[in-house]
There are 4 protein chains.
Amino acid sequence: MDQEIHEECGVMGIYDTKGNDVAASIYYGLFALQHRGQESSGIAVSDTRGPVGSYSVHKGMGLVNEVFDAENLGKLKGNIGVGHVRYSTTGASIPQNVQPLVLNYVKGTLMLAHNGNLVNARELRTQMEYTGGIFHTTIDTEVIAYLIARERLTSPTAEEAVKEAMKKLKGAYSLVIASPRKLIGARDPFGFRPLVIGKREDAYVLASETCALDAIDAEFVRDVLPGEIVMLDENGIQSDREMCKENAARCIFEYIYFARPDSYVDGISVYKSRITAGRILAQMHPVDADIVVGVPDSGNVAAMGFAEESGVPYGVAFIKNSYVGRTFIKPGQQARESSVKIKLNVLKEVVRGKRVVMVDDSIVRGTTSERIVRMLKNAGAKEVHVRISSPPFLYPCYYGTDVPSCDQLIAYNNTVNEICSMIGADSLGYLDGKRLQELTEGDCNYCDACFSGNYPVAPPEGDIRGSYEK
Amino acid sequence: MDQEIHEECGVMGIYDTKGNDVAASIYYGLFALQHRGQESSGIAVSDTRGPVGSYSVHKGMGLVNEVFDAENLGKLKGNIGVGHVRYSTTGASIPQNVQPLVLNYVKGTLMLAHNGNLVNARELRTQMEYTGGIFHTTIDTEVIAYLIARERLTSPTAEEAVKEAMKKLKGAYSLVIASPRKLIGARDPFGFRPLVIGKREDAYVLASETCALDAIDAEFVRDVLPGEIVMLDENGIQSDREMCKENAARCIFEYIYFARPDSYVDGISVYKSRITAGRILAQMHPVDADIVVGVPDSGNVAAMGFAEESGVPYGVAFIKNSYVGRTFIKPGQQARESSVKIKLNVLKEVVRGKRVVMVDDSIVRGTTSERIVRMLKNAGAKEVHVRISSPPFLYPCYYGTDVPSCDQLIAYNNTVNEICSMIGADSLGYLDGKRLQELTEGDCNYCDACFSGNYPVAPPEGDIRGSYEK
Amino acid sequence: MDQEIHEECGVMGIYDTKGNDVAASIYYGLFALQHRGQESSGIAVSDTRGPVGSYSVHKGMGLVNEVFDAENLGKLKGNIGVGHVRYSTTGASIPQNVQPLVLNYVKGTLMLAHNGNLVNARELRTQMEYTGGIFHTTIDTEVIAYLIARERLTSPTAEEAVKEAMKKLKGAYSLVIASPRKLIGARDPFGFRPLVIGKREDAYVLASETCALDAIDAEFVRDVLPGEIVMLDENGIQSDREMCKENAARCIFEYIYFARPDSYVDGISVYKSRITAGRILAQMHPVDADIVVGVPDSGNVAAMGFAEESGVPYGVAFIKNSYVGRTFIKPGQQARESSVKIKLNVLKEVVRGKRVVMVDDSIVRGTTSERIVRMLKNAGAKEVHVRISSPPFLYPCYYGTDVPSCDQLIAYNNTVNEICSMIGADSLGYLDGKRLQELTEGDCNYCDACFSGNYPVAPPEGDIRGSYEK
Amino acid sequence: MDQEIHEECGVMGIYDTKGNDVAASIYYGLFALQHRGQESSGIAVSDTRGPVGSYSVHKGMGLVNEVFDAENLGKLKGNIGVGHVRYSTTGASIPQNVQPLVLNYVKGTLMLAHNGNLVNARELRTQMEYTGGIFHTTIDTEVIAYLIARERLTSPTAEEAVKEAMKKLKGAYSLVIASPRKLIGARDPFGFRPLVIGKREDAYVLASETCALDAIDAEFVRDVLPGEIVMLDENGIQSDREMCKENAARCIFEYIYFARPDSYVDGISVYKSRITAGRILAQMHPVDADIVVGVPDSGNVAAMGFAEESGVPYGVAFIKNSYVGRTFIKPGQQARESSVKIKLNVLKEVVRGKRVVMVDDSIVRGTTSERIVRMLKNAGAKEVHVRISSPPFLYPCYYGTDVPSCDQLIAYNNTVNEICSMIGADSLGYLDGKRLQELTEGDCNYCDACFSGNYPVAPPEGDIRGSYEK
């Protein structure tokens with residue numbers, strides 16, 4: 001809904017070592033990653049067999065199917081390329097900030113797509129300005145590009161330059177880089193954001209999620225490890241793990257909400273994680289009820305898990321209007337015509353006279369939850385028991401999502417009972433933070449800072465969001 | 001998917017008797033009706049207290065959120081208006097055919113939105129041309145407008161003119177008409193297409209489905225009866241039922257597929273109809289299986305009905321990519337990148353190693369079904385049993401949908417066994433046509449011509465689709 | 001300038017009897033006629049050898065090079081077609097009013113392009129509405145189309161129908177009509193607006209001016225006579241002169257301002273007419289001066305005539321900025337940045353210290369003239385003597401131009417001396433209305449109603465402009 | 001025509017020291033400079049009293065009136081800004097190359113507009129890449145920006161940094177730079193391209209030509225000297241002339257063709273220069289003739305000079321169609337419909353039976369001249385004597401225009417007699433290179449390398465045009 005938490009970006013890269021054009025496949029892949037960013041889209045390609053420094057790029061504000069058409073896609077000729085979908089968390093939502101970034105540096109063209117958020121972008125940028133750097137954008141991706149370009153002067157290879165740059169970067173980044181003759185993937189040592197390797201015949205693929213591999217019929221090879229740099233070319237996959245650390249800190253909220261349920265993140269099925277979350281909720285917050293329903297689309301799988309565990313039948317209570325897009329305008333001032341109402345409608349037949357368990361992934365400010373509970377009650381639900389498949393949001397995120405500052409988080413200033421009353425529910429249960437590790441099958445290398453305040457990397461002094469514009 | 005059957009149109013009309021602007025509410029309502037037509041959208045308004053003959057209109061090719069923005073919607077000032085979303089079945093998909101039609105006639109401005117398809121449009125049009133008529137469009141709505149304008153010369157009121165016109169019209173039509181000072185709704189005597197009356201404070205509403213009433217918080221008053229003309233103004237609702245017949249023939253496929261499950265069509269819950277369809281399938285085509293899944297979105301409810309009746313657990317096996325819109329292009333020639341693949345992905349965790357019952361609403365040509373069955377098998381499904389919540393399509397529709405001619409219908413030339421083998425399923429079961437009446441709770445006043453060939457109104461000689469263009 | 005008088009329209013039609021596509025040539029021709037209308041453009045074509053009733057049309061708001069591009073022009077396939085450029089005098093400037101009109105009537109497709117203005121459009125329209133007519137537009141072209149369609153029912157041929165329609169039409173009209181199998185041109189009996197016939201190999205051409213023939217390398221055949229109907233097809237040119245009258249009334253202002261100087265209107269060189277006008281001014285309003293300059297572009301030729309007759313040297317004093325187009329916006333409120341200033345600049349070197357004769361075609365409200373005189377004086381001109389190559393505007397035009405109502409005409413309420421003083425000139429001289437016939441080489445069959453008030457056709461009661469919208 | 005020689009760019013900058021918005025005035029000024037570049041346009045502004053680093057920019061492909069509308073212009077708030085119109089000579093015609101460039105560097109925002117062309121851009125760029133520079137564009141303006149940013153680290157002021165940068169730049173550049181708190185203008189030591197200072201109340205203005213000052217009612221203060229840096233702020237105009245040289249080399253072709261005739265370039269009236277050129281032609285290549293005509297628009301003034309000197313009467317022989325713009329397409333393959341024909345038409349009345357002197361500014365490949373001569377003869381001219389107001393083009397230009405390489409210049413491989421015959425003229429005379437200095441009133445500080453091969457600055461090895469893209 002309008003108060004959703006957003007992932008910053010989705011990234012994609014393909015290198016077809018036999019020379020076939022890759023733009024169409026990147027385009028398909030970006031569709032599969034569109035849930036990770038809806039503000040802008042872009043694809044850049046070049047030809048590994050052509051002259052160094054030539055490339056084609058098309059990018060713009062909007063969804064993949066708004067930015068690309070047969071004409072502009074047809075002009076993107078080349079067998080190596082990167083693509084990007086973006087929701088802006090740092091850097092204003094302006095045309096010059098749209099990714100991928102395409103730059104010329106000492107070795108030719110450098111095309112970058114970045115998912116994540118640096119916590120030391122401001123310091124790095126200032127350092128570069130004090131050594132003569134100029135910046136066309138306000139996104140930290142340009143800082144990364146600069147670092148790589150400078151390190152490349154003294155590094156024997158592009159991947160070495162990436163590694164040297166990584167030694168200076170702090171924060172979250174999953175990078176896909178097309179250097180003139182190879183495709184490079186890199187993931188920060190904590191592995192905040194996902195990145196996977198795929199293969200299709202003679203083409204290597206990097207993508208944020210496995211669902212993008214499915215979309216282009218590529219097979220999943222493996223995840224890029226936290227801290228790993230992979231270099232893909234006609235010699236296959238090469239790996240540099242010097243930057244890998246013992247303890248990673250993968251974003252747990254990818255499992256709960258960001259990633260698509262048909263994706264596997266770091267080897268774990270997102271679908272299964274959500275089933276597990278629902279089961280835990282049923283164990284910890286059981287309730288006598290007639291039906292379990294999910295708030296579409298992200299609450300559905302956890303609702304099924306709750307149903308399986310509790311024996312309360314699963315049902316579908318909401319019709320979601322998928323035509324209400326990014327450009328939906330609100331012409332009327334009449335409160336009754338809320339955007340929640342336009343996007344969701346209740347199936348009265350399903351809930352009338354029933355005790356309903358309503359499962360959602362999170363509560364941010366609480367207003368959307370309040371409206372949905374009210375819709376259920378207006379439709380005749382006798383009771384509405386809200387179950388949230390994550391712990392309460394208590395702290396902002398600095399690693400590439402827009403979980404906001406504390407004062408905007410309902411859970412920061414209110415007890416669970418207070419929230420329950422504020423949203424009009426008959427009961428409210430959150431997932432217990434202690435059981436989060438069950439979502440990752442016992443692996444504790446995850447980041448839950450937004451719930452626990454345990455920041456793996458120290459946040460910048462002051463929130464960095466949009467600070468370059470000021 | 002790409003071989004879906006399409007409804008022709010969705011219509012909407014509002015008259016706010018206290019003088020408030022209605023365009024914003026029509027805009028919201030059209031969002032709720034968008035599933036009935038995605039090719040073009042339009043809104044026309046006028047002011048019942050202003051000079052006769054003045055109006056504002058905006059319409060164009062595309063979805064509601066592509067055609068309307070804050071600027072053009074802001075210019076639509078007026079307290080009476082009609083809106084339309086369209087998928088073209090008759091009349092080419094060209095700008096001049098976009099509805100609503102706005103005309104000036106002897107009494108001022110006439111604004112029409114039409115859902116349905118006449119079977120005698122060609123004859124009527126020829127008659128009018130032979131009495132000096134000129135036509136700007138190739139849609140039968142213009143024929144209806146002409147008839148009304150001509151009848152208005154000798155009829156004391158607009159609604160009388162509509163009635164006289166109806167005496168000449170044959171086929172399917174649900175009409176919403178804004179005459180300078182009142183809103184008129186009319187439904188053909190067979191009631192092929194739905195039309196409902198709503199009310200919100202001092203405003204009267206007409207819409208194709210009740211979900212549009214929900215979207216604007218209007219309350220449902222009642223369905224317009226087959227053959228009824230309703231006239232809505234500051235004096236309330238007036239009705240003329242002279243054209244009503246004993247036996248109506250409402251489109252049964254509205255319940256199975258076209259209408260949104262949260263709508264009530266002629267008093268019957270679409271959701272419940274589909275649950276019933278699923279239950280019947282489970283009774284007639286039972287199968288030993290591990291999971292029942294629906295093909296999104298239309299197969300989901302029937303799948304739940306099947307699960308309820310059979311006891312086989314319900315599951316969600318597909319992730320649908322809702323970003324793949326109307327303007328999706330297919331840049332690649334590689335067969336592997338089918339549009340089915342881009343739109344749907346299978347949750348491998350759900351189906352792997354399982355015997356799957358896959359419920360869909362219909363099979364047209366069979367190619368989409370074949371691809372989906374294959375996707376399930378590739379994801380590890382051990383068996384795939386296809387259950388279709390309608391009887392086999394055997395005949396084309398002439399009443400406002402695009403069920404095509406016989407030679408394009410897989411069931412026309414193949415037995416059920418043959419189809420089962422063609423789509424690669426382990427078993428295949430259709431809904432028995434004899435039990436269709438259970439979907440309407442025993443009311444037999446429905447049209448099932450596409451299954452039975454029993455046409456309530458004789459089809460035109462030769463298929464009328466697009467014939468004006470030729 | 002911003003107070004220019006505008007011609008209503010330019011029309012074009014081509015029929016290639018050997019079957020070649022004509023859209024490209026119409027496109028070129030419309031460029032040559034663009035000075036006659038800059039608000040909208042359109043081309044409609046069909047194929048005389050294809051099925052009756054099929055056609056292609058593209059039209060839109062804007063200049064020819066804004067409305068057409070390679071893609072939409074490439075889709076206009078057909079060997080007969082009409083084109084139109086428009087400046088709206090009647091009918092609001094809205095999309096549905098853009099010409100050419102394309103209609104289907106009893107005999108197939110009727111494509112019309114119209115230049116002119118009926119004085120009885122309102123009465124005719126009302127009559128048609130009272131016999132069941134419906135109107136999609138507010139332009140009188142639709143009235144003409146209706147009349148033709150109705151007459152066609154009882155007329156043996158399309159050209160007969162046109163003639164019968166003409167018997168009912170009052171006012172100004174030059175029509176180009178593509179009936180399914182022939183191209184028809186017609187001109188009102190007074191011949192207010194021009195229309196010429198051309199030929200290029202096997203193609204016949206109709207156009208508002210000969211400059212459009214030059215643009216496509218067609219040769220000039222002859223003018224369509226006032227009152228004449230011509231029918232062009234593979235049998236050549238056929239003519240019906242039954243409606244011709246003894247005394248025509250061609251618009252004299254075509255020679256003075258509307259037509260391009262490289263055109264010949266009714267056999268007379270526009271260039272020579274303007275030279276003559278300048279000569280007459282020099283004879284009647286001589287002045288001791290150092291240089292004669294024209295206000296671009298329309299005053300230039302008359303200025304040369306003045307120079308030739310008077311012996312005062314001709315010079316160019318103004319640079320016109322041809323990039324300031326239709327969509328020029330005035331973001332600043334500062335009076336100093338007048339649009340006159342943006343469009344014109346003075347060559348100081350030319351006028352500094354000189355006594356200047358400034359020749360322009362007309363004065364409407366006087367404000368533009370005042371600004372230009374001031375610009376000359378600011379640039380150092382010692383004296384500015386204004387000479388106007390037409391008599392004073394005293395009456396509005398009802399025949400297809402926008403000479404406005406009396407209260408907006410500076411000459412209606414002021415003497416020449418008063419105007420001279422209002423515009424800051426040192427002297428002012430108008431062309432004497434008695435000598436207008438010298439512009440047409442002695443032929444008195446012209447309309448000078450805007451100067452004399454002698455209306456060949458009685459104006460409608462009340463100004464008809466835009467009255468359908470009210 | 002389609003073979004015109006193009007100037008690279010026009011630049012504009014305003015700083016209103018009282019805080020008024022400047023975007024509207026820059027917009028007006030760019031209209032006046034549009035003849036210097038029609039491919040792209042842009043305006044960037046910031047507020048000297050606001051936070052350092054904030055700015056607004058809008059730019060795009062197309063003419064000023066295509067790129068700007070009321071909405072985007074209204075968003076450009078700020079009292080200091082720069083504007084640019086561009087025709088690409090170096091750097092591909094792609095969106096990222098559109099100027100002005102807006103960068104953030106150590107001192108905040110740097111906004112640059114550049115007219116000219118460096119000959120050592122490639123070396124400088126390589127040097128910067130070898131010290132860690134990254135490039136977003138392929139235009140040399142980015143190289144200049146980088147140099148300034150780097151020099152700023154060790155320079156006390158922005159203007160000092162500009163001076164240090166200039167010590168490394170070779171070639172042609174007229175720069176307008178908005179540093180956070182001041183407006184800076186700089187011109188290369190040879191002064192290849194013009195740059196003037198203007199003032200309007202409390203606002204300082206920099207512009208390529210004085211016609212832009214006229215357009216906004218600013219008064220001309222003086223030219224920026226070759227090699228001079230001017231710094232404009234609330235303290236007035238400050239100047240640094242350390243880089244000035246004894247001998248400048250202003251582009252002589254600015255007088256002959258590029259600049260608008262109402263401009264003064266380095267103190268000399270362009271209008272008078274062209275009159276002089278025409279007079280010299282009449283002296284050196286006299287001919288018995290009936291009329292002298294100019295090829296519009298650039299040949300007109302020289303034609304008047306020829307007429308004055310020779311006594312042969314001046315006339316206007318061509319009508320230029322100013323609606324044929326940048327986006328004119330050529331849909332037809334028929335040779336007869338040449339674009340010359342669409343843009344120009346001959347006034348037959350003027351040339352029929354006459355011996356015509358046709359004056360043009362230059363001949364590049366000769367095909368356009370050949371077509372125009374043919375048009376005159378087809379219109380009845382008895383003789384056509386071509387006079388060119390510049391010497392023959394023999395060498396390419398490296399200083400900001402697109403005079404092409406030798407093999408594309410008709411004069412490089414053909415004698416004057418041969419050219420005369422190739423273009424079908426009865427005689428042909430060029431301006432003698434020895435008399436060029438008369439155009440600048442005796443000042444020999446001009447560059448005539450395209451005629452003489454005397455390059456004031458050594459050209460790069462190999463033509464630099466577009467080389468970054470390769």
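**Close-up views of a predicted model**

Figure 1. Between chain D and chain C, 18 residue pairs are in polar contact, both residues being at pLDDT 80 or more. On chain D, the side that touches chain C draws two or more residues from each of α1 (23–33), α3 (70–74), α7 (210–215), α9 (270–284), β18 (314–315), α11 (339–343), β20 (344–346) and α12 (348–351). The element that gives the most is α1(D), with six residues. Sorted by class, this side of chain D has 27 nonpolar, 14 polar and 15 charged residues. The model is predicted. Four salt bridges are counted between the two chains, D and C. One of them joins D:Lys348 to C:Asp214, with 3.4 Å between the closest N and O atoms.

**Figure 2. Extent of the interface between chain D and chain C.** In this interface, 56 residues of chain D contact 56 residues of chain C. The two chains, D and C, bury about 4,900 Å² between them, and 57% of this area is on carbon and sulfur atoms.

Figure 3. Helix α10(C) spans residues 300–310, and its buried residues are C:Val301, C:Ala302, C:Ala303, C:Met304, C:Gly305, C:Phe306 and C:Ala307. The cover over these buried residues includes, from chain C, α9 (270–284), β17 (291–294), β18 (314–315), β21 (355–360) and β22 (383–388). Chain D contributes β18 to this cover. Just after α10(C), C:Gly311 adopts a positive phi of about 85°.

**Figure 4. A stacked aromatic pair in chain C.** Over all chains, the count is 58 aromatic pairs. In the pair C:Phe393 and C:Phe451, the ring centres are 5.5 Å apart and the planes lie at 20°, so the pair is stacked. C:Phe393 belongs to the loop between β22 and α14 (410–413) of chain C, and C:Phe451 to helix α16 (residues 449–452) of chain C; the pair therefore ties together parts that are 58 residues apart in sequence. Both C:Phe393 and C:Phe451 are buried.

**Figure 5. An edge-to-face aromatic pair in chain D.** The ring centres of D:Tyr399 and D:Tyr455 are 6.2 Å apart with the planes at 70°, so the pair is edge-to-face. D:Tyr399 lies in the loop between β22 (383–388) and α14 (410–413) of chain D, while D:Tyr455 lies in the segment after α16 (449–452) of chain D, so the pair ties together parts 56 residues apart in sequence. D:Tyr399 is buried, at a relative accessible area of 2%, whereas D:Tyr455 is partly exposed, at 23%.

**Figure 6. An aromatic cluster in chain A.** One aromatic cluster is formed by A:Phe190, A:Phe192, A:Tyr398, A:Tyr399 and A:Tyr455.

Terms used: Residues numbered from 1 in each chain as written. Chains lettered and ligands numbered in written order. Predicted model: local features only at pLDDT ≥ 70, side-chain atom pairs only at ≥ 80, totals over all residues. Heavy atoms only, no water. Contact = heavy atoms within 4.5 Å. Buried area = accessible area lost by both parts, 1.4 Å probe. Salt bridge = Lys/Arg side-chain N within 4 Å of Asp/Glu carboxyl O. Polar contact = N/O pair within 3.5 Å; in protein donor to acceptor, adjacent residues only side chain to side chain. Helix = DSSP H or I, 4+ residues; strand = E, 2+ residues; numbered from the N terminus. Nonpolar A, V, L, I, M, F, W, Y, C, P; charged D, E, K, R; others polar. Buried < 20%, exposed > 50% of the residue type's maximum accessible area, 1.4 Å probe, protein only. Phe/Tyr/Trp six-rings, centres within 6.5 Å; stacked < 30°, edge-to-face > 60°.
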